[in-house]
Amino acid sequence: MEEKKYPAIEPKFYQGDEPFCTANGDTFASLVDYWRWAHSDLIGNVERGHLAEFLVACALGIQQRGRVEWDAYDLLSPEGISVEVKSSGYLQSWGQDRLSSISFRIPPTHAWDHEANEYERELRRQAKVYVFCVHHHTEQETLNPLDMSQWDFYVAPTRLLNENVGAQKMISLHRLLNIGARKCSFEELHEKIVEADLYEGVNRTQSE
């Protein structure tokens, strides 16, 4: 592969107390001030998705690794299992006449190689295992996305999706359960991800 003049930049892991400074060196805010300003809406679709990735990273014990925006998959477990994380919830930031339906985007994609700065040619689901995170709480007054009792997690090997829904781009929670996704708690997530990867490997061997 040809070496890039400007190679991929590894995310820096900031602490939060780093200052913003004027050209004269005067401090006017800290990085944690920016984080509060930009990322406090934890139930908005975008930020909830990032939060879900963080929760799964914590369950896997890999939260000290920085998030890479354009990786082909969201996380890599200590066992080397590639994981895609999806999230949904009944409550939204905006006003609602009714609770949202739970569904997830699962389209096959062309993986982005951020080091080579190009897309791969093959269209497929990139990770070995999918984790679907549902913020199931429905009462605004007690809403707390930091409380794991308000979340459900569903784990499915990618092969399960490929064999049952093909190239389908969306899937409902009801359909996920019908094809065999396994519900688990936050504390069980790591174990269930490993089990799903074993399922993937056993079924791949049987089909060869």
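I started with strand β4 (residues 82-89) and strand β8 (residues 129-135), which run parallel and are joined by seven bridges. Strands here are DSSP runs of E with at least two residues, helices are runs of H or I with at least four, and both are numbered from the N terminus. Two strands count as paired if DSSP finds at least two bridges between them. Looking up one end of this pair, I found that G89 has H135 as its bridge partner in β8.

A note on the source before going on: this is a predicted model, in which local features need pLDDT of at least 70 and side-chain atom pairs count only at pLDDT 80 or more, while totals for chains, interfaces and linings use all residues. Residues are numbered from 1 along each chain as its sequence is written, and side-chain values use heavy atoms, with hydrogens and water left out.

**The sheet**

Next I traced the sheet around that pair. Five strands make up an open, mixed sheet, in the order β3-β4-β8-β9-β11. The edges are β3 and β11, each with a single partner strand, so one side of each has no neighbour in the sheet. A reminder to myself: strands of a sheet pair through backbone hydrogen bonds, either parallel or antiparallel.

**Helices across it**

Helix α3 (residues 158-165) lies across β8 and β9, at about 75° to β9. For these angles, axes are lines fitted to C-alpha atoms, for helices over the stretch in contact (heavy atoms within 4.5 Å). The angles run from 0 to 180 degrees between N-to-C directions.

**Salt bridges**

I searched the whole structure for salt bridges (a side-chain nitrogen of Lys or Arg within 4 Å of a carboxyl oxygen of Asp or Glu) and got eight.

One of them joins the side chains of E53 and R67 at 2.7 Å, N to O. E53 sits in helix α2 (residues 45-60) and R67 in the loop between α2 and β3 (75-76), so this pair ties together parts 14 residues apart in sequence. I checked accessibility too, with buried meaning under 20% relative accessible area, exposed over 50%, and partly exposed in between (1.4 Å probe, protein chains only). E53 is buried at 9%, while R67 is partly exposed at 34%.

K183 and D152 make another, at 3.8 Å, N to O. K183 belongs to strand β11 (residues 182-184) and D152 to strand β9 (residues 151-157), so the pair ties together parts 31 residues apart in sequence. K183 is exposed at 53%, whereas D152 is buried at 16%.

E195 and R182 meet at 3.0 Å, N to O. This pair links helix α5 (residues 189-207), which holds E195, to strand β11, which holds R182, 13 residues apart. Both ends are partly exposed: E195 at 28% and R182 at 45%. I also noted that R182, K192 and E195 are linked in a network of salt bridges.

**Q150**

Last, is Q150 buried or exposed? Q150 is buried, at 6% relative accessibility, and I placed it in the loop between β8 and β9. A polar atom of the Q150 side chain lies 2.9 Å from the backbone oxygen of T142. Leaving aside neighbours within four places in sequence, Q150 is in contact with V134, H135, H136, H137, T142, L143, N144 and P145.

How values were computed
A polar contact is a pair of N or O atoms within 3.5 Å; within protein, one must be able to donate a hydrogen and the other to accept it, and residues adjacent in sequence count only if both atoms are side-chain atoms.
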